[in-house]
Structures are given as structure tokens and as C-alpha cells.
Amino acid sequence: MKKPGIFTGALIGALLTAPLIAVFYLAWKLFGLPFAPFNIFDWVARILPGPVVTFGIDSLVSTIRSLGFTDTAETAKTAEQLMAVAIFLIAGIVAGAILFAVLCRLKKSALRAGIIFGVINGVIVLIIGLSLARTTNVNPILGGVWIIAMFLVWGALLGWTYNRFRGNATNDKAEKDSVEQVNRRNFLIKLGGATASVTVIGAVVGSLVGGRRETSVATNELWSASNILPNAGADVLPVPGTRPEFTPLSEHYRIDINTTLPTINGETWRLNIGGLVEKPLQMTIEQIRRYEPLHQFVTLECISNPIPGDLIGTTRWTGVSLQKLLPEWGLKPNATHLKISSADGFWETAAVEKIMTDPRVMLCYAWDGVPLLDKHGFPLRIYIPDVYGMNQPKWIESIEAMDHWEPGYWVVRGWSREAQIDTTSIIDTVAIGEKFTGVNGQTLVPVGGIAFAGARGISKVEVQVDEGEWQAAQLRAPISEKTWVVWRYEFPFQQGEHTFTVRSYDGSGTLQIREQTPPHPDGATSWHSTKISL
Ligand SMILES: Nc1nc2c(c(=O)[nH]1)N[C@H]1C(S)=C(S)[C@@H](COP(=O)(O)O)O[C@H]1N2
Ligand SMILES: [Mo]
């Protein structure tokens with residue numbers, strides 16, 4: 001009788017790792033216990049060299065876009081989660097193969113060896129989880145015990161299964177072998193049935209109890225539900241098909257470093273202020289909300305946003321100017337920078353001088369009139385005008401005054417240090433269905449889109465059709481000087497295929513960069529073109 005080898009080990013590894021994932025998932029959804037596959041994935045994403053991660057993100061974004069998904073950010077998150085689970089399963093298969101290969105050569109008890117193997121794996125996974133320096137609601141000791149216990153059971157089952165497979169086949173008579181074959185097959189069927197049941201139950205129940213964490217907001221609570229925008233009377237109207245000028249909260253993109261959100265309890269959360277201050281202090285979210293609020297309409301863009309992309313959105317940010325807070329924190333004279341650290345292990349530095357010269361830099365606690373959604377940084381995030389999102393931490397937990405600058409999470413990984421927003425413009429629609437007859441009897445096709453240059457504003461947008469002259473587009477008065485500008489251009493209709501190209505100038509009159517560059521490291525540039533048959 002042959003001893004079970006690496007192929008059997010791989011098969012059993014798969015059969016036992018699937019329910020392990022399902023039970024982890026269920027306990028994560030029910031009690032917020034650690035979900036090992038996501039921890040491992042996030043850890044891998046953090047230790048990989050910057051260029052590899054960048055390549056991964058770029059490929060993911062372009063794949064998603066080429067497949068035609070409409071919500072890049074959401075789809076990317078789901079893809080990451082699926083990859084995390086797949087990687088964990090593959091690791092489990094490899095682990096099963098390794099264990100069985102070792103057990104073949106070992107005279108010791110397979111059960112005991114399996115338990116030891118499981119615990120070793122559990123400890124590794126535990127350390128990986130702790131190294132992410134994330135804040136969780138669950139007691140870390142409980143989380144640790146849970147991980148070790150789960151892997152112990154998994155290892156024990158691997159060892160026990162190995163024993164079952166080896167059976168008591170000590171003599172090698174042929175009939176005995178065939179009986180063993182049948183026994184093995186029966187056992188395998190039973191094992192498969194049991195593990196499949198646990199996997200399905202865990203996955204189904206886990207997904208049903210979902211939504212516990214995600215705050216959902218009634219639409220009528222939103223500021224935008226009962227207020228008009230400051231530019232409501234603007235006479236240039238968006239061309240139908242242009243993206244919404246004020247992004248519905250439910251459609252705002254979301255980008256962050258982890259497969260899952262940090263869990264923050266607003267009641268126990270504190271903003272910890274330390275470092276080069278006279279005396280470290282803590283603030284509650286209530287204390288921060290008591291200051292006179294500052295409302296700013298802001299367009300936020302991700303540096304990974306391709307041209308034309310949807311990793312950009314506009315809403316109304318509410319918070320308190322850091323110029324109000326800083327004097328009360330007792331910064332020492334040599335403090336030049338603030339290191340802002342988040343619950344998910346993210347951080348960035350902001351210059352004190354920038355804060356003291358720009359009252360718009362603020363700590364923000366509400367979007368569109370409601371407390372920040374979990375995914376957008378509850379309870380506190382920062383707003384810094386004119387820089388990409390990568391410079392603006394969500395889920396802020398601590399602010400440390402320092403006497404030097406330090407590279408932030410993405411800067412360490414090779415992204416732009418300044419992260420200044422590039423001037424960009426996008427054609428959202430060539431609205432052939434909206435064609436109309438102009439004053440001189442000409443048929444006109446409205447073309448529309450957005451242009452954005454951070455807080456520098458947009459002074460001019462121009463459209464070129466085929467190789468024609470550049471024509472000035474009409475600019476709609478923006479919601480604020482920090483938001484994108486909606487533009488429209490009325491194209492004198494000509495049948496046939498045409499290429500439309502757009503370019504814009506920022507507030508200082510500087511023309512948008514024509515050269516095509518990828519998002520990494522400074523943000524994507526190029527003039528956007530689209531070809532269409534009219
Ligand atoms: N704590 C934390 N803050 C973060 C990030 C993150 O991963 N963690 N991502 C940044 C990036 S890259 C962007 S583009 C914006 C996105 O904000 P949003 O998800 O609310 O749209 O958050 C920024 N702040
Ligand atoms: Mo970003």
C-alpha cells in the first residue's frame with residue numbers, strides 16, 4: 001500500500017483550507033474577528049517593492065476598464081478580495097502537499113505533527129496580522145487565540161486525514177489494496193461532503209450577515225437633498241451625458257490600501273496629538289465638531305486615475321480649519337511638520353507652514369452633510385487643496401508634530417512627493433441625440449465634459465475636431481474654485497467619423513501637458529481624445 005504523498009496532500013489541503021476560509025469569513029462578518037486571507041494579502045501588498053505594487057494596480061485598473069466595468073474602485077476592491085481568497089487557498093494546497101511529503105518520511109505521530117504544523121502556520125499568520133499595525137474593535141488577544149485555534153484544528157485535521165489515508169496497510173497483498181482503495185474513496189467522499197457543507201454554510205451565512213458594518217445613509221439626510229448648489233443659477237448648462245457635477249455620495253470613488261475597512265468606534269475614538277507639543281493631548285470627535293464648521297466644495301482625485309477615469313468625485317466637505325486647531329495644540333517652535341497616521345496603517349506628512357498660510361487645510365468629519373461614511377474615513381480625514389488623494393489620510397488617529405519631513409505611505413513606494421494635481425480635461429459625451437438647430441440654422445451637436453486643475457481653477461477649455469482649429473468651449477461657473485469645471489462645446493454637425501480632442505488651461509493660464517504619461521509616479525497626463533461616428 002502506497003503512503004499518501006504530495007498529491008494527496010494537495011487535495012486534502014484544498015479540502016480543508018476551503019472550510020477554514022469560510023469559518024474565518026463567518027466569524028469576521030459576525031464578530032469582526034481577523035480574516036486571515038485579507039491580512040495576508042494586505043501584508044504582501046505592503047512588503048512588495050513599490051514598482052511591483054504599482055504595476056499590479058495599473059494592470060488591475062486597466063483590466064477592469066477594458067472589461068467595461070463602470071465603477072473602477074469598487075470592482076478593484078472586489079477583485080483584490082477574490083485574489084486574497086484564491087492566494088490563501090493556493091497556500092493551503094501547497095501547505096497540505098508539504099505536510100504530507102514530510103509525514104511520509106517521518107516516523108512520528110501524524111496527528112501531533114499536524115497540530116504543530118498548524119500552530120506554526122497560525123503563529124506566522126498572527127504575526128503578519130499584527131505587523132499591519134491596524135486598529136480593530138476586537139481584543140487583540142482574542143483575535144490571536146482565534147487564529148491559532150483555527151490553524152490548530154486545521155493542522156490536526158490534516159494529520160488525522162493523513163493517518164486515515166495511510167490506514168493500517170502494513171502488508172502489501174493485492175486484495176487488501178483494493179479494499180483500501182474503496183475505503184479511501186469512501187473516506188474522501190465523506191470528507192469532501194463535510195468540508196463542502198461547512199464551506200457553503202460559512203460563505204452563505206457570512207454574506208447574509210454582511211452590511212452590519214457599512215453605514216447606510218438615508219438619502220434625505222444628505223445636504224444635497226434639500227439644498228441647491230452655489231452655482232445653481234449658472235447659465236452654461238451641462239450637456240446631458242456629462243457626469244453629475246455634484247457626485248452622489250453613493251457613487252463617489254473609494255481608494256485605500258487594505259482589502260477591508262478599519263473598524264472604528266466613534267465613541268471610543270480619540271485624535272491623539274503628540275510629538276513636539278508642550279503637552280500631548282486627545283480630542284474626541286464631539287470636541288472637533290464643536291468648532292465653527294468650514295464647508296468647502298471639493299473635487300478629490302486619485303493619482304492613479306487614468307485618462308479618462310472615474311477615480312475623481314466632487315462633494316461638500318465639512319470640518320474645521322487646521323489654522324483654528326494648531327494654535328491650541330501648543331506646538332514647539334521647532335515643529336515644522338505633522339505626521340498624520342491612520343487606523344489602517346497609512347500615513348502622510350503635512351507642512352506646518354502650508355497649514356498656517358492656507359486656511360482651507362482642514363480636518364474633515366462630514367461629506368454632503370452627514371458624518372463621513374466608513375469607507376470615506378470615519379470619523380476624521382484631512383483636506384489639503386491642490387494635491388491628489390494619496391496625500392490626504394482618512395481614518396486619522398494621531399498627529400505627531402516633528403521637526404522634519406518624512407515620506408508618506410505612497411511616497412515610500414515611489415510615488416510623487418508633492419503629488420500636485422495635474423491639469424486635466426475629459427470628454428464625457430458627444431451627445432448626438434441632443435443635436436439641435438442653432439440661431440443661424442446650423443445643426444449643432446453638444447459635446448461636454450469636465451476639466452480640473454486642483455485648487456488652481458480652470459481658465460480655458462478648448463476642443464479640436466479632427467485636425468481643425470482649436471475652439472474655445474463654454475465654461476459653466478464651477479461649484480467652487482476647488483472643484484472641477486463643467487464645459488460644453490457645440491459642434492457644427494458634419495456626417496462621418498470624427499476625432500474630438502480636449503485640452504485645458506489652469507487658473508494661471510498654463511496649458512495642460514500634452515505628453516502622455518502613466519499615473520505613476522506623478523499622475524496621468526495627456527489630452528483626451530475620442531473617436532465617434534456621427
Ligand atoms: N488612511 C488612509 N487614507 C487614505 C488612503 C488610504 O489607503 N488609507 N488612500 C488615499 C488615496 S490614494 C485616495 S485617492 C483617497 C481616496 O479617498 P476616498 O476613498 O474617500 O475617495 O484617500 C486617501 N487617504
Ligand atoms: Mo489615490
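Among contacts in the protein (heavy atoms within 4.5 Å) between residues at least 6 apart in sequence, 75% join residues at least 24 apart. This is a predicted model, in which local features need pLDDT of at least 70 and side-chain atom pairs count only at pLDDT 80 or more, while totals for chains, interfaces and linings use all residues. Side-chain values use heavy atoms, with hydrogens and water left out, and residues are numbered from 1 along each chain as its sequence is written.

Next, the overall layout. The protein has 12 helices and 19 strands, taken as DSSP runs numbered from the N terminus: H or I of at least four residues for helices, E of at least two for strands. The C-alpha trace spans about 100 × 70 × 40 Å along its principal axes. Of the 534 residues, 51% count as buried, meaning under 20% relative accessible area with a 1.4 Å probe, protein chains only.

Now the interior. A nonpolar core here is a set of buried Ala, Val, Leu, Ile, Met, Phe, Trp, Tyr and Cys residues joined through side-chain atoms within 4.5 Å. The largest one has 34 residues, and those with the most contacts inside it are Leu 271, Ile 288, Leu 322, Trp 329 and Leu 363. Elements giving two or more residues to this core include β1 (271-275), α9 (285-289), α10 (322-325) and β7 (362-367).

What does Ile 288 touch, leaving aside residues up to four places away in sequence? Its partners are Trp 269, Leu 271, Met 283, Val 320, Tyr 365 and Leu 380. A second, separate core of 33 residues includes Phe 41, Phe 100, Cys 104 and Phe 165.

Key
Chains lettered and ligands numbered in written order. Buried < 20%, exposed > 50% of the residue type's maximum accessible area, 1.4 Å probe, protein only.
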